[in-house]
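This report describes the strand pairing and the confidence of a single model. The sequence and structure are shown first.

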Amino acid sequence: MVTVVGVTASSIVGNFFSPRFFQFQVRALEEKDLSIYTANSLLLEVFKTAWARGNFWSFLIGTLAAGILSYWITKRIVQPLNQMESIVDKFANGKLDERMSHLEIPELDRLAMGFNRMAASLEDVEQRRREIIDDLTHELRTPLTIIRGRLEEIADGIILANSTIYARLIHETKRLQRLVNDLQELSQAEAGNLAIKLRPVNLRSILNPLVEKFSDQLLDSDRTLTLDCSNHLPYIMADSDRLEQILVNLLSNAIRHTPQGQITLKAWFDIDRVWISLTDTGSGIPEEELAHVFRRFWRSSKSRSQKYGGTGIGLAISRRLVELHGGEIFVISQLGVGSTFKFFLPARRSRPQSASSFNKYPKA
């Protein structure tokens, strides 16, 4: 663009000045009583002079125009880049709320908007990092404080070590171990380093023992756990240990958040998928919090206020394990009514299908 402007300016100026310089020189010759026919050599010199002067001015003005335009364009480009550099420096100092404004140049505006999206993502990641550190610190501090307090009391002779004290210390130690193991497992899952050994699995062989185990824990409570599962479900492609881990996480959450009522574990077949759902009549989750359910270390405000326990890692691990199986997990909940967690896994023999062949939320 700068070259075009420079050449155009030179051409316009040359066409404007050269004829006028030539006309001026010819009139000077006519004043000396010389005609055009008798002043060939002088006329040639006059033409050369007019041409040279016209070229000089056209080159000078064309170069000046190109330079001014180049400076203007460069300033328009460099200024937002300098602003971007300044914002990056602020990011380095921990100030992540700065953003680029809209720009008049379309290409730079797209760059600025992309930069803003990146900045928003960085701000969200930093916020989540701080929340994770805060939650992790809280989760570690509680058992460590209990263990240290009991050990100091034993050392000072305030209390005598007995089986009850030892049992409490073992419980808190296991809690720390479970948290560390969950963190390690979540890190491996998110990095894609968690081994999943898929093989044909009979789902009932996993569901029946789990329901029996958890039902025994609910014998002296106001809660009941039931299984609704067909005897003719196809085999699924799954890692039985990891699938059991997913179900244990979901069942533990359902029991923890259902002081009384019904918990139903259900499985059914839909085209080439086997769906598993867990429905409870517990406290439920507020609608505005549903989007955060599968975030690591997230716990609902009700869980935090009522000290339900849990680390907030189980659901994050469950989602990742479901995804590693080639499935997807969903949640539907209503505050004060209850929650339903459902996920699907591919059946052993799946067949090709169109995108519209299945419903994302099939009717149970």
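Two strands count as paired where DSSP finds at least two bridges between them. Helices (H or I, at least four residues) and strands (E, at least two) are DSSP runs, numbered from the N terminus. The model is predicted, so that local features need a pLDDT of at least 70 and side-chain atom pairs count only at pLDDT 80 or more, while totals for chains, interfaces and linings use all residues. Residues are numbered from 1 along each chain as its sequence is written, and side-chain values use heavy atoms, without hydrogens and water.

Five strands form an open sheet in the order β2-β4-β5-β7-β6, with mixed pairing. Its edge strands, β2 and β6, each pair on one side only.

| Strand pair | Sense | Bridges |
|---|---|---|
| β2 (residues 222-229) and β4 (residues 260-270) | parallel | eight bridges |
| β4 and β5 (residues 273-280) | antiparallel | eight bridges |
| β6 and β7 (residues 338-346) | antiparallel | seven bridges |

Arg223 has Gly261 in β4 as its bridge partner. Phe269 stands opposite Val274 in β5. Two residues separate β4 from β5 in a hairpin, and Ile271 in this turn has a positive phi of about 60°. Gln334 is bridged to Gly338 in β7.

The chain's average pLDDT (the predictor's confidence in each residue, from 0 to 100) is 77, and 74% of the residues score at least 70. Over residues 304-308 the pLDDT stays under 50, and the model has eight contacts (heavy atoms within 4.5 Å) for them beyond four places in sequence. The pLDDT is also below 50 over residues 350-364, a stretch with 24 contacts in the model beyond near neighbours in sequence.
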